[in-house]
Amino acid sequence: MSAQADILRRRGWCPGVRRPMMTGDGLLVRLHPFAGRVSADQARLIAQAARDYGNGHLDITARGNLQIRGVREDTYPALLALLERGGLAEPEGNGPNRLTVLSPAAGLDPLERCDVLALAQAIENAAGAIQDLPAKFFVTIDGGAAMPLDTLGADLHLLAMGEDTIAFAISSSNGPRWIGTSTLCRTPEAVHTVLSGFAELRRRSVAEARRLRDLEPDLVRELAARAALSTAVEPTLRSAGPRAGVLSLDKKSALLLALPFGRCNTEQLIQVAAWSERFSSGELRLSFTLGLLLPKIADEHVRALIDEAGRAGFITDPADPRLSLFACPGQPDCGNGLTAAPADALRIAESCGTVLRDGATLHVSGCPKGCAHPGKADLTLVARGDGRYDVVPDGSTRDASSIHHSIDEIMLRLSTVTSTDSLRRAFPESPR
Ligand code: SF4
């Protein structure tokens, strides 16, 4: 166990178990289990840690990680020791806590075009120890099945286009920018080449870039050539995957449970652990959809599980309007928070439920960092120091805005909204 933990207060850092981050409600400790997989015993241990050493609040993040909130500096060493005993602490180091992010259905979905879990493990082995990558750096590995990962904003996005063809992309504000393809067996080595080349550029100060997407195009082309990627092919776009509900996977089903804004408490986590043993395989998977997936449920148990989950506060209906809503903890839970983002998001959901149910997306961010949702939304609100919001129709927290309103003014504008188009038109002063 490290005797002295780094306690991070700087922007741009990515907290872990060994690197807690100070926020508005105490230390935040983020766990990054491989493929988001956690056993029922580990889930109970995490709940115990959150109850005994934190404030009992947990978040599931937009990368499918799990964070314990409200840990005190004096109890942090005991929490670290407990998580280490449970095999839940990441290796020592300053780089990414975990390189790869997968769909929670990885290895379960018969439509996957390659063995995603094996590929992810090979990439972790080949490239997980590269020095000087930014701590927030991550690679998504998408098997081409029902839950696309292309909106997660990964530094490097890999998509299986066939059994032996993996497409490589770098995220951009307009979605993935495809830079080449590799065969399946060469992919871990090609990823290593791209990532170590990027780290080398940073070391030599050739590039100031914190993310691959910040590199000049000729440097990206140079990295793709070094990795011997073949000519880029633009894959067919897939529609977004489900965020809640029953997934039919192979011979059994899986239930994707969503949590409003990804927040849960220790009782809910203990309850999911119990369901995983009673109805499933004793495993649960953290999902980038801000929830948990219970795999391998026999069909005759699905109805009972949905009913119990609904009573325990989980969202199981894919049409629930709260699924179209993204909000970070904001004020007072996060030290950077400038507004109470979740409360403002729920106010809007109450008046715009129909539009959200029809699929329009709304992101309320407590500061420009945009932790809750890295991509675009039909409407993004970014908190400002004066307590108002920057309003960004059809954009993300990274986009500049010249429209600034209080939440009351925004509510007034949205009171007549009936469709996604009218949601955008509610702010006619937008240049978009
Ligand atoms: S986006 Fe939200 S959670 Fe992230 S740093 Fe800002 S206020 Fe905190």
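# A chat about the chain

Reader: Let's start with Asp59. Which residues does Asp59 touch, leaving out those up to four places away in sequence?
Author: Asp59 touches Gln67, Arg69, Gly262 and Arg263, once residues up to four places away in sequence are left out. One caution before we go on: this is a predicted model.

Reader: Where is Asp59 found?
Author: Asp59 is in strand S4.

Reader: Is Asp59 buried or exposed?
Author: Asp59 counts as buried, because 23 C-beta neighbours lie inside 10 Å. The cut-off for buried is 20 or more.

Reader: And how many Å separate the C-alpha atoms of Asp59 and Leu156?
Author: They are separated by 24 Å. Along the chain, Asp59 and Leu156 are 97 residues apart.

Reader: What about Thr289? Where is that one found?
Author: Thr289 sits in the loop between S14 and S15.

Reader: Why does Thr289 count as buried?
Author: Thr289 is buried because 24 other C-beta atoms lie within 10 Å.

Reader: Which residues is Thr289 in contact with, leaving aside neighbours within four places in sequence?
Author: Those contacts are Arg243, Leu256 and Ala258. There is also a distance to Thr61: the C-alpha atoms of Thr289 and Thr61 are separated by 8.0 Å. Along the chain, these two are 228 residues apart.

Reader: Let's switch to helices. How many residues has H6?
Author: Helix H6 has 14 residues, running over 266–279. From first C-alpha to last, H6 reaches 20 Å. That is close to the 20 Å expected at 1.5 Å a residue.

Reader: Which residues of H6 are buried?
Author: Thr266, Leu269, Gln271, Val272, Ala273, Trp275 and Ser276 are the buried residues of H6.

Reader: What do the buried residues of H6 pack against?
Author: They pack against two helices, H1 (40–53) and H7 (299–311). They also pack against strands S4 (57–60), S13 (263–265), S14 (283–287) and S15 (291–297). S14 and S15 are the strands on either side of the loop with Thr289.

Reader: Now the whole chain. How many helices and strands?
Author: The chain has 11 helices and 20 strands.

Reader: What does the C-alpha trace span along its principal axes?
Author: The trace spans about 55 × 50 × 50 Å.

Reader: What share of the residues is buried?
Author: Buried residues make up 49% of the 432 in the chain. Then take the contacts with a separation of 6 or more: residues 24 or more positions apart account for 63% of them.

Reader: Which domains does the assignment give?
Author: The domain assignment gives domain 1 (21–85), domain 2 (111–144 + 149–226), domain 3 (245–260 + 267–318) and domain 4 (323–425).

Reader: How many residues of domain 1 are in contact with domain 4?
Author: Six residues of domain 1 are in contact with nine residues of domain 4. The side of domain 1 that touches domain 4 has two nonpolar, two polar and two charged residues. The centres of domain 1 and domain 4 are 28 Å apart.

Reader: New topic. Which residues are around the ligand?
Author: They are Cys328, Pro329, Gly330, Cys334, Asn336, Gly337, Ser365, Gly366, Cys367, Lys369, Gly370 and Cys371. By class, the shell has five nonpolar, six polar and one charged residues.

Reader: Which peptide bond is cis?
Author: The bond from Gln331 to Pro332 is cis, with omega near 5°. Pro332 is in the loop between strand S16 (325–327) and helix H8 (341–351).

Reader: And phi? What is the value for Asp132?
Author: Phi of Asp132 is near 70°, a positive value in a residue other than glycine. Asp132 is in the loop between helix H3 (116–127) and strand S7 (139–142). Asp132 counts as partly exposed, because 14 C-beta neighbours lie inside 10 Å.

Reader: What about the phi of Asp394?
Author: Asp394 has a positive phi of about 50°, and is not a glycine. The place of Asp394 is in strand S19 (residues 389–395). Asp394 is partly exposed, with 16 other C-beta atoms within 10 Å.

Methods. Residues are numbered from 1 along each chain as its sequence is written. This is a predicted model: local features need pLDDT of at least 70, side-chain atom pairs count only at pLDDT 80 or more; totals for chains, interfaces and linings use all residues. A residue is near a molecule or strand if its C-beta atom, placed from the backbone, lies within 6 Å of it. Ala, Val, Leu, Ile, Met, Phe, Trp, Tyr, Cys and Pro count as nonpolar, Asp, Glu, Lys and Arg as charged, and the others, Gly among them, as polar. Helices (H or I, at least four residues) and strands (E, at least two) are DSSP runs, numbered from the N terminus. The expected span of a helix is 1.5 Å times one less than its number of residues. A residue is buried if 20 or more other C-beta atoms lie within 10 Å of its own, exposed if 12 or fewer, and partly exposed in between; C-beta atoms are placed from the backbone. Two residues are in contact if their C-beta atoms, placed from the backbone, lie within 7 Å. Domain bounds come from an automatic or database domain assignment.
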